[in-house]
Every structure is written in structure tokens, then in C-alpha cells.
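Have a look at the structure first, then read on.

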Amino acid sequence: MRETIQLIGKTIGIISGSAACLAWMVAMWSPTPALHLSGFGFAVALMMAMLAGIAVLAAFHGHGVTLIVLFFASFFPIGLFLMGEANWVGVIGTLNLGYLFSGLIAWRLPVVNTQNEQT
């Protein structure tokens, strides 16, 4: 049961991080962008895409605290604001919540090493 819950947490983190990274890439590089990014806004969007990629790696390896930190770093400055948007960009904030769920699962249910040490 524990392994199943851990797998669900990893899956939530990987899917939400991948989808958020893809959404940021589409927001940055689409011909008709939903967000008008220029200068500093483009740099922030690129940083958010990189944080989403790091969230995928953290979820894959089960680093719960890292996922929780990434949630706070990406949700409160921008994700919360984007949740209020009417178009598809509002999904990015919802996807950031996946970091929190995955991080809490990984943090509360750490992987237990069941191998005995050989002397």
C-alpha cells in the first residue's frame, strides 16, 4: 500500500511538472501568445519552465521537501495570479498544486531501505 501511494505521488509530480513546463513553453514560444511576454516577463517565464523541469526530477527521485519549496517558489508569485486568468494559462497555477501534493506524499512517506547491510 505504501509503495502504491508513493507511486501515485511521483506520478502526480511528474505529470504536473511536465505539463507546467510544456504550458510555459507554449506561453513563451507560440505565435499568438496568451501572455504578452517581453524582457523581464520572458525571463521569469523561462525560469518558471526550468523550475517545472526541476520539479519533474524531484518528483522522480522522491524529494518531498524540494517539491514543497518549488511549489512556494512558483505558486505564490505567479501561479496564484494565473489561476484567475480566463484562458488556458490559468491551468498553470492548478498544475503547481500538483507539486504540493506530490511533495507532501514524498515527505510524509519516505522510501524505507529494506536491504540489510552486509558486513
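## Ground rules

A residue is called buried when its relative accessible area is under 20%, exposed when over 50%, and partly exposed in between, using a 1.4 Å probe and protein chains only. This is a predicted model, where local features need pLDDT of at least 70 and side-chain atom pairs count only at pLDDT 80 or more, while totals for chains, interfaces and linings use all residues. Residues are numbered from 1 along each chain as its sequence is written, and side-chain values use heavy atoms, with hydrogens and water left out.

## The overall picture

The protein chain has 4 helices and 0 strands, with the order α-α-α-α from the N terminus on. Helices here are DSSP runs of H or I with at least four residues, strands are E runs of at least two, and both are numbered from the N terminus. The C-alpha trace spans about 60 × 25 × 20 Å along its principal axes.

Of the 119 residues in the protein chain, 36% are buried.

## Helix 1 and its cover

Helix 1 covers residues 2–29, and its 28 residues should span 40 Å at 1.5 Å a residue, which agrees with the 40 Å between its end C-alpha atoms. That expected span is 1.5 Å times one less than the number of residues.

Which residues of helix 1 are buried? They are Gln6, Gly9, Gly13, Ser16, Gly17, Ala20, Ala23, Trp24, Ala27 and Met28. Their cover includes helix 2 (40–61), helix 3 and helix 4.

## Helix 1 against helix 4

These two pack at about 155°, with axes 8 Å apart; the axes are lines fitted to C-alpha atoms over the stretch in contact, and angles run from 0 to 180 degrees between N-to-C directions. That makes helix 1 roughly antiparallel to helix 4, a label for angles over 145 degrees.

## Helix 3 against helix 4

Helix 3 (residues 64–82) and helix 4 (residues 91–108) pack at about 160°, and their axes are 8 Å apart. That makes helix 3 roughly antiparallel to helix 4.

Definitions and conventions. Parallel < 35°, antiparallel > 145°, perpendicular 65-115°, else oblique. Contact = heavy atoms within 4.5 Å.
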